[in-house]
Amino acid sequence: MAHLKCIECDGTYGVNEIIYKCGNCGGILEVVTDLEEVHKKISVNKWSDTSLSVWRYADFLPVNDRVNIVTLNEGGTGLHRCKRLAEKIGLKKLFIKFEGENPTGSFKDRGMTVGISKARELGVSTVICASTGNTSASLAAYAAKAGMQCIVLVPAGKIGVGKLAQAMAHGARLVQVKGNFDDSLDMVFKICERNNQIYLLNSINPFRIEGQKTIAFEVTEQLGISPDCMVMPVGNAGNISAAWKGFNEFEAVGLIKTKPRMIGIQAEGASPIVNAYRKKQRTIEPILSPETVATAIRIGNPVSWMKALNSIYDSKGHAETVSDQEILDAQRLLAQTEGIFAEPASATPIASLRNLLDQGEIEKTDSVVCVATGHGLKDADVITRIFGKPIEIEADIDAIEKSLNLLVKYDKWLEDPVSI
Ligand SMILES: Cc1ncc(COP(=O)(O)O)c(C=O)c1O
Ligand SMILES: [Zn+2]
């Protein structure tokens, strides 16, 4: 039987307790899966009957009764071999795991299907989160599907319009908090303290991480082996920890022999984990006013920092920053070489690759999986800000041909479509 364990003092708790932090020391919790039990089950269950998805790995997930599962068909996202992009960067085997293919357009759905299913199992009727956008979109959708009330707190004016629209469309009670994400999360903790019937579904909730660990299972099955490196954006630091947990569990039940190096990428203006890594520290110094164009990872005091640092150190991985300009360039490069439109935060791994190669942190011949965590349409404002307004012309063939600049070589036009 699975149980909850504090990652700092090893205190244990039952999976049916509503608890987010250790009662002894305040440390964050993780689900400890009974891997011997899983090992027995997976040798009996036939995975081949189930398509690639979060619930293909139900044996690894802490939902007691399958009737409680709330699903929108999450997971099963593509692992795209990116030859054109790889060539531009100087890599041989580059893959993008495109999490924008999930039902609400981000990896959060993997965690939310498990989190909401657990909420149903626990009998709660109201769920809450603080969000830089994607969590609110996902929670609102899953709460709607489950018939639960959803409350969402977001930093005012600092989330992509598409994400705000999703949360509103799915009927969330939405509050824009004057402050940053860390302030919103602080408020959410306080609301839950005062109202213990409201269930918190940020990634500090260990059941969220359980769903998100399935990305490691899928990547392994899609490649037939673990990659050499997993490069992932880091914000509140749950997802990189989740993926590392997944690789460890697959190893423990004998499904893989090697595990990847976990490489976490943050934006220059919001990089408490990278700062700690650079000083080889096991603790972070929060950043009071984080700032980046990648609003999804505009977080100065990540809740799961300890899990993330453990993942990076234990996997002999690395942590690196990228500038806003590098993020925007990488977003465009990915969209224009591979047809994958990812949001700015999701482009941070691509933005880091040349630098990682130069530093010798990755080898030319390594198999590298970059996780593109969310869809670009969620934050389309960024694109219109960069490209400006497309030109408008009368329906006149000469005028249109002239404006299309058909004599200019396409490569050149792609470099600078606005000013040519
Ligand atoms: C698109 C996107 N990428 C990356 C992240 C960072 O994930 P985590 O907070 O688990 O580190 C987020 C978190 O909101 C996100 O929305
Ligand atoms: Zn503890």
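In which sense, parallel or antiparallel, do strand S7 and strand S8 pair? In this predicted model, strand S7 (residues 149–155) and strand S8 (residues 173–177) are paired in the parallel sense, with five bridges between them. Within the pair, proline 155 has valine 177 of S8 standing opposite.

## The six-stranded sheet

Six strands form an open sheet in the order S4-S5-S13-S10-S11-S12, and their pairing is mixed. Strand S4 (79–81) and strand S12 (318–322) are at the edges, and because each has a single partner strand, one side of each is left without a neighbour in the sheet. On average, and with direction ignored, neighbouring strands of this sheet are turned by 25 degrees against each other.

## Packing of H8 on H9

Helix H8 (residues 214–223) packs with helix H9 (residues 238–252) at an angle of about 60 degrees, their axes being 6 Å apart. Because of that angle, H8 is oblique to H9, and H8 passes H9 in a right-handed crossing.

From H8, the contact is made by Thr214, Ile215, Ala216, Phe217 and Thr220, and from H9 by Ala243, Gly246, Phe247 and Phe250. Sorted by class, the contact of H8 with H9 has six nonpolar and three polar residues, with no charged residues.

Methods:
Residues numbered from 1 in each chain as written. Chains lettered and ligands numbered in written order. Predicted model: local features only at pLDDT ≥ 70, side-chain atom pairs only at ≥ 80, totals over all residues. Pairing = 2+ DSSP bridges. Helix = DSSP H or I, 4+ residues; strand = E, 2+ residues; numbered from the N terminus. Axes fitted to C-alpha atoms, helices over the stretch in contact; angles between N-to-C directions. Parallel < 35°, antiparallel > 145°, perpendicular 65-115°, else oblique. Left-handed = near helix turned anticlockwise from the far one by under 90°. Contact = placed C-beta atoms within 7 Å. Nonpolar A, V, L, I, M, F, W, Y, C, P; charged D, E, K, R; others polar.
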